[in-house]
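Please consult the sequence and the structure shown below while reading.

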Amino acid sequence: MAQDIRWIKTHCARMDHGGCSLFVGVKDNRIVKVKGDPDGYLNKGYICPKGLASPDRLTHPDRLTHPLKRTGKRGEGKWTRISWQEALEETAENLNRIKEKYGARSVAFGLGMPKGLEHFVLIRLANLFGSPNVVTSQDVCHAPREITGLHTCGFYPVADLHHKSKLILLWASNITSTNEEGEISSMLLKQLKDGAELVVIDPRKIDLVTKSKKWLQVRPGTDHALALGFINVIIEESLYDKNFVEKWTYGFEDLKNHVREYTPEKVSEITWVPPDLIRETAKLYAISKPAVIQWGNPIEHNIHTFHITRALICLMAICGNLDITGGNVQAKNPKIMGLGPFVRADLFPNKWKEMIGTYHHTIPRLMTLPPAFFRKAILEGVPYPVKGFYAMCANPMLSYADSRQTYEAFLNLDFIAIADLFMTPTAAMGDIVLPVATQFEFNDIGHFGLGHGFILARPKVVEPPEECWPDMKILNELGKLITPAEYWHDDYSGFLEDVLKPSGLTFDQFVEKGYLKGPETYKGYEEKGFRTPTGKVELKLSTAEKFKLPPLPEFDGLPEEDSPEYPLVLTSSKSLYFLHSSYRWIKKLREKRPDPKAEIHPETASKHGIKEGDPVVIETRYGKITHIAHLTDIVDPRVISASHGWWFPEAKAESLFDWEKSNFNMLTSTEKLSKQFGTPNLKGIGCRIRRN
Ligand code: SF4
C-alpha cells in the first residue's frame, strides 16, 4: 500500500494561521497521512495534533457539501438545498438591494483569523463594492501590536526567532500550545537548545516554565504596569542603550520622568509579581543582547492594550533591541505585489472617512471595524445603519465579546450570508450558507499581508467535493455580480499569479521553491531613519495631540475595579487541540479535550466545595456559563482560567449547538472599550464560581 501513496509537499492552514511545511500522502484523491517536513522553513519537521488531524475535516460526515437557504425563522435550523447559481444570485440581489436603499457602507464584510489569500480578496470585494466596513477580531488580535508599532517606530516589530538571541522574553505567549502567526514553537525550542535563556511572563504556569530561568506570574490584565516597572528599573539603574537612545529615540527625558512613579514596589502591588523579581528580570533583559520579546495576543485582551503594546515597544527600543538580528525586527517582503494594490485601495480613497470606526475615533491606520462598533451600528444605527453581512472563516457568535449582543444584532440584520466548512452557531444564523473547500483542496498562498516577510506555497493536494468551492472562487464569482466585472479574473487562480508577478515566478515555479522570503537586512534606520514623523522611535508620541492619543504609555487602572461580589479574577486560555471555536467536531481532537475546563487552584476549589471533574458555574457581572472543574496549581488561588471558544457540534441545530452554555464570551461585555482599538476586556474580569 505504501507504494501507492503519492506524497505532496504543501503548507498547513485553516487549522491556524498555518506555516508548518507538510508532506501529505494521497491515495485515490484521499489524504491518508500527514507528516511534518524536516526542511520546513518555520517548523523543521514539527507538526501539532491539529495538523495531524487536519485530513479528518475533509471526509467528515457533517461537512457542508452544498449551498443552503434558510426556510424557517432565522436560527431555527431549517434549510433547503439550492444550487450555486441560486445561492450567488440571491446573495447578490440582497447585497445590491441593501446598497440601493441604505448605501454600500450598510453592508459589512466579516473575516475571522486570516487563513490564506481569500482574506485579502474579501477586502478587495468590499472596496470595489464601496463598503469601508470589514469587520474582524483584530481589536483583540494583531492590530494593537501592529498599529501601535507603526505609530511608535514605523513598523510592526516581530520576534526574529530565525537568528540567535541571548534571551527570549515570552510575554503572554503560550507558544507550544497555540503557536503564533509566523512563529512556530519549534523555532523557539531550537533557540533554547542553542543556549538562549527564557523568561516566561504568564498568569498560568505554562509548559515552557520548566525550561525558563524565571517565571513572572502576573495578575491578568496588568502587563502594562509590569512593562513600565521594567522601564523604571532599566532607566534608574542606567542600563539602557545610551547610544541608541540618544541618536534614535524621541521623548526619552519625558519617559524617564514619567516612569519614576512605577517603582518595582508599586508595580508589585498591582501585578502581584515580587519587586525583586521585577528588578532581576528587567536587568536581565537590559544586559542580554540581543534579546527578543515574543508577545502573544493576550496583551491585546483588555481595554489598556494601547498602553501595553506601547510600553513593550519602548522597552525594546531603550535596550537597543529594535531591528537588530535576534531582536524585534522589521520584516522585509520578497518581491511580490503589495497589499494596497492587491485590495485595490486606490479605488476607495475616502475609505478612512467613511469607516464606522472613524466615527468612534479609532486610531489612524486601523483599517478594520472593531466588532463592538459593528453591532452598535446594527442595533442603534450609529453612526449609520448596517443591514447586510457577508462573512467567511469566522464564527462571531463565539468570538466577539458579549455573545448575546452578537445574537441580537444578527436577528436585526436584513440579510446574512456565511461561507464555512461546517454548520457553526454563526452559519446557523445565516440566510444563505455556502460550503467551502479546505486548503488541501485548492491552490493558495500563505502569509501574504501578515508582515512577516515571507509567503508560503500551498498547492492543492486533493480535489474538493464537487459543490465545495474555495472562498476565493466564491468571492471572484460574487464580485462579478455586485461590482464591475473587469476587476475580477476568469478563474480565481489569477489572484495567485497577481501576487507572484513581480517575482517573475509562476505559481508552479513558486511551489517548486516552497516559500519566498524578503532580504534579511537590519538597522535600516541608520540609512533612512524610522518611519515616524520625527524619524526616531517615538517614546513620546509626537502626534499625540493631533490624533488625541496618550503621549506616553501609562498604567491607567485595572481592566475592571475589584469588587467583593466578584472576588476572583477571570482569564482564559486556548487549547493545543482547537483553534478558537473550531474543530470540536473532529473526534481525535475532541477525545483529547472532551469538555471545557475551568482551571481552579486547589485552595480556592476547597473553599467552594468543588472537586476535580465537578460541573461549575462561572459568573461575571455580564453572564454565567458552565465548565468542568480542573484543580491545578498552575493558576494563582485568586485566578480562574476558563476555556475559550466552546460550543457543541453534537447538540441540536435549533439550539444553535448550545452556543450559550460554555461560551466564554457570555462572560464578557462591550460596555468598556479601548479608545484606540475598540478592544473589550477579555481578561482580568471580576468573577465568582460555584458548584453547579
Ligand atoms: S502548528 Fe499550526 S501550522 Fe503547524 S501543524 Fe499545527 S495547526 Fe498546522
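A crossing is called left-handed if the near helix is turned anticlockwise from the far one by less than a right angle, and right-handed if it is turned clockwise. The model is a predicted one: local features need pLDDT of at least 70 and side-chain atom pairs count only at pLDDT 80 or more, whereas totals for chains, interfaces and linings use all residues. Residues are numbered from 1 along each chain as its sequence is written, and side-chain values use heavy atoms, with hydrogens and water left out.

Helices (H or I, at least four residues) and strands (E, at least two) are DSSP runs, numbered from the N terminus. Axes are lines fitted to C-alpha atoms, for helices over the stretch in contact, and angles run from 0 to 180 degrees between N-to-C directions. Angles under 35 degrees count as roughly parallel, over 145 as roughly antiparallel, 65 to 115 as roughly perpendicular and the rest as oblique.

| Helix pair | Axes come within | Crossing angle |
|---|---|---|
| α8 and α12 (residues 275-287) | 9 Å | roughly 70° |

By contrast, α8 and α12 are roughly perpendicular to each other, and α8 passes α12 in a right-handed crossing.

**Strands and loops**

Two strands pair if DSSP finds at least two bridges between them. A closed barrel of 6 strands runs in the order β22-β26-β23-β25-β24-β27, with mixed pairing. Neighbouring strands of this sheet are turned by 45° against each other on average, direction ignored.

An open sheet consists of 3 strands in the order β18-β19-β20, with antiparallel pairing. Both β18 (444-446) and β20 (515-517) stand at the edges with a single partner strand, so one side of each is left without a neighbour in the sheet. The twist averages 20° from one strand to the next. Strand β18 pairs with β19 (residues 454-458) over 3 bridges, and D444 stands opposite R458 in β19. The loop between β18 and β19 holds H447, whose phi is near 70°, a positive value in a residue other than glycine.

Two cis peptide bonds may also be noted. One runs from K289 to P290, with omega near 0°, and P290 lies in the loop between α12 and β13 (291-295). Another joins V382 and P383, with omega about -5°; P383 is found in the loop between α17 (371-380) and β15 (388-392).

On a 1 Å grid over the protein atoms alone, a cavity is a set of points where a 1.4 Å probe fits but cannot get out, and a pocket is an open set with protein on both sides within 12 Å along at least five of seven lines; lining residues have an atom within 4 Å of a point. The count comes to 7 cavities of 30 Å³ or more. The largest cavity has a volume of about 240 Å³, and of the 21 residues that line it, Y41, H162, V329, A331 and H452 are the closest to its centre.

The second largest pocket has a volume of about 450 Å³. A volume is the space filled by probe spheres set on the grid points, which are joined across faces, edges and corners. This pocket is lined by 24 residues, of which S177, R204, K574, R593 and E599 lie nearest its centre. The elements that give two or more residues to this lining are α6 (175-178) and β23.
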